[in-house]
Amino acid sequence: MNKIIKPIIDAFKIPSLRKKLLFTFFIFIVYRLVAHLPVPGVDVTALKSLFAKNQFLGLLDMFSGGTLTNFSIIALGLAPYINASIIFQLLTLVFPRLEELSKEGEYGREKINQYTRFLTVPIAAFQSLGLIAILRKQGIITGFSSLDLVATVTSMITGSIFLMWLGELISEYGIGNGISLLIFGGIVGRLPVSLIQTASIAETINFFNLLVFVVMAVGVIAAICFVDEARREIPVSYARRIRGRKMYGGSTTHIPLKINQAGVIPIIFAVSLVLLPSMVAGYLQTLDNQTVVSLAKFVSRLFDPSSLFYNLAYFLLVIGFTYFYTAVTFNPQKIAEEIKKHGGFIKGIRPGKPTADFLNYILTRITLAGAVFLGLVAVLPALARSLTGIRTMMVGGTGILIVVSVVLETSKALEAQLLMRSYDGFLK
């Protein structure tokens, strides 16, 4: 805990970092205020009752930070933007032009981000229509005219774009990754509601089950911290070179390969994708075609958060996205070329392609351990509910993983900023 709190205290002593932290806190306040601006024409009381009974909607509400139970203008959260990001990362592997663009440094990344923003709009429109269809079917929304529908969908699209803008503001002027921090803020903002709901039914909960739940939560937090810090260090030696009367090189360093190289991103991507079929099915159930309705009901049952198929699909998606994101962020070929360029080598491995193959061999195996761990944490809520019977605490393994990972990442970002300023002061 001291490792997390100390960088924040130290950062407040530096004016520039204090400004970044205060700006980030200000954006959080704006986010929570906007989360309580409801879309008109919705029975909020009936909506809260529905979300308390439906696991799928409860899970959606957790990641939106409670904005769905209020049917806020930001009810969709960052899901449309995340889905657009997934699509473009997949398209980068398919289309050579996009792949070339992604390698063009800051310009290429900015261009792809711009395309991602454009794609967010139609995805937000589709998801808002699906959500409205689900609520219409449940009788929460009644008497909507065409104009009301257009106004509601437009408000929800605007809310998603506004959230996306807030996330980018944090990334540019605040501390840490803005999108991850807003998701973190949403989950933490939902936590008091879950605690109050649990306290309200405390008399019906077995004390032993509650103890098991708490022990599992503490164990998961400890395991996440351990895995986040775990890494395989590959020693790299540099040959001695003599130029004139001076000797260069001869040092030894290492390449730190993290077991969880992808961080929290695979969980965010996977949960956005695994919730999509249920949302589409909810929209299709409002159609008149009985064949489509029957198929949609089957998909809804299949992707129910308590079903085996849902949890298996979720587990496999997390593993797949972990490998995918690790491959995107860590390029063994490029690392091997850099080592060779600077006269380095791994003992027992020839420079060049053999080094790249060796790094890929190591990375593939340690990523498997990290991916399986992330997958197990992702499906932990279903296991916890089945063991303890506590269904009000929706912040399960996935939420804990995101919260802990974002806190650790932001703490490291603060430490990096502090270290950079320490060097600046030393050089002066």
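The model is predicted: local features need pLDDT of at least 70, side-chain atom pairs count only at pLDDT 80 or more, and totals for chains, interfaces and linings use all residues. Residues are numbered from 1 along each chain as its sequence is written, and side-chain values use heavy atoms, leaving out hydrogens and water.

**Confidence**
- Mean pLDDT (the predictor's confidence in each residue, from 0 to 100) is 77 for the protein, and 76% of residues reach 70 or more.
- Helix α16 (residues 353-378) has the highest mean, 87, and strand β3 (residues 246-248) the lowest, 58.
- Helices (H or I, at least four residues) and strands (E, at least two) are DSSP runs, numbered from the N terminus.

**Nonpolar cores**
- The largest nonpolar core has 54 residues; Ile183, Tyr314 and Ile402 touch the most other members.
- A second, separate core of twelve residues includes Phe71, Ala75, Leu131 and Met156.
- A core is a set of buried Ala, Val, Leu, Ile, Met, Phe, Trp, Tyr and Cys residues joined through side-chain atoms within 4.5 Å.

**Thr326**
- Thr326 sits in helix α14 (residues 308-329).
- Its relative accessible area is 3%, so Thr326 is buried (under 20%; exposed is over 50%, partly exposed in between; 1.4 Å probe, protein chains only).
- Setting aside residues up to four places away in sequence, Thr326 touches Gln261, Ala262, Leu363 and Thr367 (heavy atoms within 4.5 Å).

**Phe95**
- Phe95 lies in the loop between α5 (79-94) and α6 (96-102).
- Phe95 counts as partly exposed because its relative accessibility is 43%.
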